[in-house]
Amino acid sequence: MTPPLSARAEDLLELMDDPDCDPQLLAATYRRFGIVNHLFSGWGSVYRRVLRPRLERLERPARVLDLGCGGGDLVVRLAALSDRDGLRVEWIGVDPDPRALEASSSRARDGVEFRLATSSELLESGERFDVVVSNHVLHHLSPHELAGFAADSRGLATDVVLHGDILRSSIAYGLYTVGITPLAPGTFLRTDGLRSIRRSYRPDELATTLGDPWQVSTHAPFRLLAVAPGAAHE
Ligand SMILES: C[S@@+](CC[C@H](N)C(=O)[O-])C[C@H]1O[C@@H](n2cnc3c(N)ncnc32)[C@H](O)[C@@H]1O
């Protein structure tokens, strides 16, 4: 049965956030995020419509950061797309969770680096990037953490920030319940995916929560994209 989705289920915890969760299930979940994010996250269209034109305009190698990269699959996918387009890009994924770094490190390759860090540690270290992206991080954070994460991401970017996330909807909940069935065994994907949908925002809620200058749009089915200009100086 579909739970009421009229309001965010802000207090629901995801199984993989438990520091004592089963490490094998967690590792399998990180690995399978590659397929799930590829199928459902809509980053192919964000790359083509928003990211690629900006990278093309830079007349030097770009630096792009994935904040809260988890198992690292998004950075690796975006790196493959930019390689195919002949763009010179240095890709960096960071996450403060050592379990995520362990998962992402196996995906590192030329031009793709993974590090253990929070957004604020990176900001304090003086690192700057042309573009900062994230996937599925916003819904995960408390209101206080979200405000810090959004501000840090702008402080880290000279050009633009793109945060992609799920749009909370009962149709998405129903479709995910069915669609995840072949991919879920041996992972946390069913429980955590459904909890993520319940924790996620609707466009107006996210726009209100983030405030100016953030713009929130729906760029693909059941997806949100929050965009803001970078606030770092080149
Ligand atoms: C739901 S996971 C998303 C992982 C990955 N982006 C994906 O799409 O599969 C959210 C991640 O954000 C990370 N995170 C939370 N707060 C962060 C911060 N302030 N800076 C960087 N990463 C953060 C968490 O450690 C967690 O791995």
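**View 1. Glycine 68 and a nitrogen atom of the ligand in the predicted model.** A polar backbone atom of glycine 68 lies 2.7 Å from a nitrogen atom of the ligand, a polar contact (a pair of N or O atoms within 3.5 Å). Local features in this predicted model need pLDDT of at least 70, side-chain atom pairs count only at pLDDT 80 or more, and totals for chains, interfaces and linings use all residues. Residues are numbered from 1 along each chain as its sequence is written, and side-chain values use heavy atoms, with hydrogens and water left out.

**View 2. The shell around the ligand.** Around the ligand are 16 residues, each with a heavy atom within 4 Å of it. Gly68, Asp95, Pro96, Ser119 and Asn135 come nearest. The shell holds 6 nonpolar, 8 polar and 2 charged residues (nonpolar: Ala, Val, Leu, Ile, Met, Phe, Trp, Tyr, Cys and Pro; charged: Asp, Glu, Lys and Arg; polar: the others, Gly among them).

**View 3. Helices α7 and α8.** The axes (lines fitted to C-alpha atoms over the stretch in contact, with angles from 0 to 180 degrees between N-to-C directions) of α7, residues 170-179, and α8, residues 189-199, come within 10 Å and cross at roughly 175°. Helices here are DSSP runs (H or I, at least four residues), numbered from the N terminus. That crossing makes α7 roughly antiparallel to α8 (angles over 145 degrees). Ala172, Tyr173, Tyr176 and Thr177 in α7 are in contact with residues of α8 including Leu189, Gly193 and Ile197 (heavy atoms within 4.5 Å).

Note on methods. Helix = DSSP H or I, 4+ residues; strand = E, 2+ residues; numbered from the N terminus. Parallel < 35°, antiparallel > 145°, perpendicular 65-115°, else oblique. Polar contact = N/O pair within 3.5 Å; in protein donor to acceptor, adjacent residues only side chain to side chain.
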